[in-house]
Amino acid sequence: MKINVLSYLEASAARVPDRVCWADAASALTYREAWTAVCDMGAALSERLSVVNAPVCVLLRHDVTDLLAFFSIVYSGNFYVPIDPALPAVRLRSMLETLKPAAVMTAGASIDAELTQDIPVISQQELHTEAPAAAPWKQRKDTDLLYVIFTSGSTGVPKGCMLEYGNITAFCHWFKRYYGIDSESRIAAYASFGFDACMMDIYGAITNGAQLHIIPEEIRLDFIGLQRYFEENGITHSFMTTQVGRQFALEMDCKSLRYLSVGGEKLVPCEPPKDYKFINAYGPTEATIFTTVFEVDKYYPNVPIGKALDNVK
């Protein structure tokens with residue numbers, strides 16, 4: 001089934017236009033507002049770049065502007081690469097030299113001008129067009145690249161992992177079935193946008209007309225503040241890195257959550273929380289977020305990583 005991720009955003013903008021699509025600490029966009037902004041920025045970016053299927057880097061801020069950048073790049077017929085501007089200059093230089101991007105997009109984050117002296121730097125504020133008629137995204141195929149995300153480099157030189165439209169579409173079909181995602185779900189974007197697990201939150205939300213809440217940086221390790229945010233905003237699904245998620249599950253009694261997933265390293269045995277499902281997930285960056293999952297339904301001396309996802313062998 002050939003369905004571009006933007007098809008879901010477009011469909012939700014028509015079906016539930018006034019439902020919140022993306023929210024951060026400072027702002028929120030409805031599906032109608034998000035789709036309108038993506039069309040406007042994406043068409044303007046397409047005119048500006050005059051290329052397709054090329055990498056475009058995004059300097060991360062971990063707010064709604066990142067999502068607008070990601071989806072406008074997809075709209076323009078290109079693929080995006082999240083870049084954390086706080087990384088050491090030597091690593092940023094290596095990534096940019098490897099990618100040779102068509103442009104670097106920014107919404108206020110800065111990067112050393114020396115690193116981008118041969119690369120166009122485009123501010124999101126510049127991207128507006130009177131008539132967003134062109135839609136290069138409709139020509140994308142399942143085997144075209146959607147994004148490239150770099151590994152941590154913990155086992156050597158960081159590598160750019162290339163993920164295709166077909167990869168994320170297959171994952172989202174499984175995600176909806178396994179986690180029971182629907183338009184009433186509220187998903188926390190806890191993981192950094194430079195970490196592959198965030199794609200589960202982003203695409204798991206928009207493919208189902210759900211709400212995505214970008215967790216404020218200042219409460220990410222404040223469990224009391226985090227639980228308060230979850231309950232006040234009705235968060236039903238969240239992913240956290242393994243040790244943080246394990247500690248949250250052991251210490252906090254969150255009433256809104258239905259699922260808490262953890263991943264990134266081996267899970268130390270523990271008793272699962274009583275009020276929501278606790279999922280141990282495993283998957284290298286190269287394999288589209290998860291490859292196996294296991295519901296921790298009791299204490300296991302050695303916690304399994306579970307069985308393969310749908311369409312995975």
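**Entry 1: threonine 291**

I looked up the contacts of threonine 291 and found that it touches Tyr282, Gly283, Pro284, Lys307, Ala308, Leu309 and Val312, leaving aside residues up to four places away in sequence. I note here that the model is predicted. Next I placed the residue. Threonine 291 sits in the loop between strand S13 (277-282) and strand S14 (292-295). Is threonine 291 buried or exposed? Its relative accessibility is 14%, so I count threonine 291 as buried. The cut-off I applied for buried is under 20% relative accessible area.

**Entry 2: H3 against H6**

I turned to a helix pair. The axes of helix H3 (residues 64-75) and H6 come within 13 Å. They cross at roughly 70 degrees. H3 is therefore roughly perpendicular to H6. I used the range of 65 to 115 degrees for that label.

Which residues meet? From H3 I listed Leu67, Phe70 and Phe71. Across from them, H6 brings Ile202, Tyr203 and Ile206. I then sorted the residues of this contact by class: six are nonpolar, with no polar and no charged ones.

**Entry 3: the cavity**

How many cavities of 30 Å³ or more does the structure hold? I found one. The volume of the largest cavity is about 60 Å³.

I wrote down the lining of the largest cavity: Phe175, Tyr179, Ile187, Met200, Asp201, His237, Ser238, Phe239, Tyr259 and Ser261. By class, this lining has six nonpolar, three polar and one charged residues.

Then I traced the lining back to secondary structure. At least two lining residues come from each of helix H5 (165-179), helix H6 (198-206), strand S11 (237-241) and strand S12 (259-263). Which element gives the largest share? S11 does, with three residues.

Last, I looked at an open site. The second largest pocket has a volume of about 190 Å³. What lines the second largest pocket? I recorded Arg93, Leu96, Glu97, Lys100, Glu114, Leu115, Thr116, Gln117, Asp118 and Ile119. The lining of the second largest pocket divides into three nonpolar, two polar and five charged residues. For the largest cavity I had noted six nonpolar, three polar and one charged.

Conventions: Residues are numbered from 1 along each chain as its sequence is written. This is a predicted model: local features need pLDDT of at least 70, side-chain atom pairs count only at pLDDT 80 or more; totals for chains, interfaces and linings use all residues. Side-chain values use heavy atoms; hydrogens and water are left out. On a 1 Å grid over the protein atoms alone, a cavity is a set of points where a 1.4 Å probe fits but cannot get out, and a pocket is an open set with protein on both sides within 12 Å along at least five of seven lines; lining residues have an atom within 4 Å of a point. Grid points are joined across faces, edges and corners, and a volume is the space filled by probe spheres set on the points. Helices (H or I, at least four residues) and strands (E, at least two) are DSSP runs, numbered from the N terminus. Ala, Val, Leu, Ile, Met, Phe, Trp, Tyr, Cys and Pro count as nonpolar, Asp, Glu, Lys and Arg as charged, and the others, Gly among them, as polar. Axes are lines fitted to C-alpha atoms, for helices over the stretch in contact, and angles run from 0 to 180 degrees between N-to-C directions. Angles under 35 degrees count as roughly parallel, over 145 as roughly antiparallel, 65 to 115 as roughly perpendicular and the rest as oblique. Contact means heavy atoms within 4.5 Å. Buried means under 20% relative accessible area, exposed over 50%, partly exposed in between (1.4 Å probe, protein chains only).
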